Amino acid sequence: MLFLLLPLIAVLPGGDSADGLKEPVSFHVIQISSFYNHSWARNLGSGWLDDLQTHTWDSNSGTIIFLRPWSRGNFSNEEWMELETLIHIHFIRFNEGIHSYASVLQFKYPFELQVIGGCELHSGKVPRGFIRVAYQGSDFMSFQEDSCLPSPGAGNAAQRFCRAVNQDQVNKVLVHRFNETCPRLLLGLLDSGKAHLQQQVKPEAWLSSGSSPGPGHLLLVCHVSGFYPKSVWVMWMRGEQEQAGTQRGDVLPNADETWYLRATLEVAAGEAAGLACRVKHSSLEGQDIVLYWGHHNSVGLIILAVIVPLLLVIICLAFWFRKRRFH
């Protein structure tokens, strides 16, 4: 099955894009467990294909909720029921284990543990699994194969915790099953969701000026929005020379599941002429968007020159009709 999916992987979010950006494709589950006291804990769970949420865990019913028409991948109903059972067992054992060792580990209520586990597909290789645990937002431990390893700097608590986990044979079985299941699920999602994942949405781009960074300086802002997949390349240029001072913000999600990014460049006011923002994205098929600084002002003036006379004509017509109405 992996061999059949290799042509698909190259065009999926996180795969190799047209501009040479390379990132792994991953499926991962996120668990957030809040321990309020010695007997009460709450678990939240969700599943993600890269940045796209595909599943959530209903803790009341103990079932998986499928958020996409293709979120079942190629798993049968029986396999999903078995997976729900394993997740349910995991949460019970996880809560009991943490409550039992809380005092030994010097965890003071209330506290929170974050768990992320999944698998990554790198350049068509067999997916590689990972599990990491954080305590109060700091790295605590991870798994290598089915062995627990304390994180550097986590202290004696993580070492004691890993010694206990490594002696738990049931836990080893659960981790092993997870490492077996995740790659199959990842590949199945890539296959069943390829129509959605292969879609290409072209970005829109525009320029603006930001808050002045100081006397005699300008902050040039290049906005890029509405693109899918996520991988994009944005750079301020002078001719063919990339401007090293370009600052890229985070790639942020839009409500329609496309993405937004802004790239800024601080320059002396007299050096802005000749600068341009260049945008590369797989949907553009090599036809980069290039916006030149200064042209956005001229476009605004053209629009203003058209709209103002039009508004004057409308106002004059309104007065004329009003005058005729009262005579």
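Start with the aromatic rings: the structure, a predicted model, holds 14 aromatic pairs. Rings of Phe, Tyr and Trp (for Trp, the six-membered ring) pair if their centres lie within 6.5 Å; planes under 30 degrees apart are stacked, those over 60 are edge-to-face and the rest are tilted.

Select Trp57 and Phe91. Their ring centres are 5.8 Å apart and their planes stand at 50 degrees, so this pair is tilted. Trp57 belongs to strand β3 (residues 52-58) and Phe91 to helix α2, so the pair ties together parts that are 34 residues apart in sequence. Helices here are DSSP runs of H or I with at least four residues, strands are runs of E with at least two, and both are numbered from the N terminus. Trp57 and Phe91 are both buried; buried means under 20% relative accessible area, exposed means over 50%, and partly exposed lies in between (1.4 Å probe, protein chains only).

Now pick Phe111 and Tyr135. This aromatic pair is tilted too, at 6.0 Å centre to centre with 55 degrees between the planes. Phe111 sits in strand β5 (residues 111-121) and Tyr135 in strand β6 (residues 128-135), so the pair ties together parts that are 24 residues apart in sequence. Phe111 has a relative accessible area of 3%, and therefore counts as buried.

While Tyr109 is on screen, look at its bond to Pro110: the peptide is cis, with omega about -10 degrees. Pro110 is in the loop between α2 and β5. You can find another cis peptide bond from Tyr228 to Pro229, where omega is near 5 degrees. Pro229 is in the loop between β10 (217-227) and β11 (233-238).

Next, show the helices. Colour helix α2 (residues 77-105) and helix α4 (residues 169-192): they pack at an angle of about 140 degrees, with their axes 11 Å apart. That angle makes α2 oblique to α4. The axes are lines fitted to C-alpha atoms, for helices over the stretch in contact, and the angles run from 0 to 180 degrees between N-to-C directions. Angles under 35 degrees count as roughly parallel, over 145 as roughly antiparallel, 65 to 115 as roughly perpendicular, and the rest as oblique.

The crossing of α2 and α4 is left-handed: a crossing is left-handed if the near helix is turned anticlockwise from the far one by less than a right angle, and right-handed if clockwise. To see what makes the contact, show side chains for Glu79, Trp80, Glu82, Leu83, Leu86, His90 and Arg93 on α2, and for Val170, Asn171, Leu174, Arg177, Thr181, Arg184 and Leu185 on α4. Contact means heavy atoms within 4.5 Å. The residues of this α2 and α4 contact divide into 6 nonpolar, 3 polar and 5 charged. Ala, Val, Leu, Ile, Met, Phe, Trp, Tyr, Cys and Pro count as nonpolar, Asp, Glu, Lys and Arg as charged, and the others, Gly among them, as polar.

Ile98, Tyr101, Val104 and Leu105 of α2 meet Ala157, Arg160, Phe161 and Ala164 of α3. The residues of the α2 and α3 contact comprise 7 nonpolar, no polar and 1 charged.

Jump to Gln243, in the loop between β12 (241-242) and β13 (247-248). With a relative accessible area of 17%, Gln243 is buried. Leaving out residues up to four places away in sequence, Gln243 touches Met235, Trp236, Met237, Arg238, Leu265 and Leu275. Gln243 and Leu265 are 22 residues apart in sequence and 8.1 Å apart in space, C-alpha to C-alpha.

Two backbone stops remain. Asp50, in the loop between β2 (41-49) and β3, has a positive phi of about 50 degrees although it is not a glycine. Asp50 counts as buried at 15% relative accessibility. Glu285, in the loop between β16 (275-280) and β17 (289-292), is also not a glycine and has a positive phi of about 50 degrees. At 70% relative accessibility, Glu285 counts as exposed.

Finally, zoom out. The protein has 6 helices and 17 strands, and 38% of its 327 residues count as buried.

Residues are numbered from 1 along each chain as its sequence is written, and side-chain values use heavy atoms, with hydrogens and water left out. In this predicted model, local features need pLDDT of at least 70 and side-chain atom pairs count only at pLDDT 80 or more, while totals for chains, interfaces and linings use all residues.
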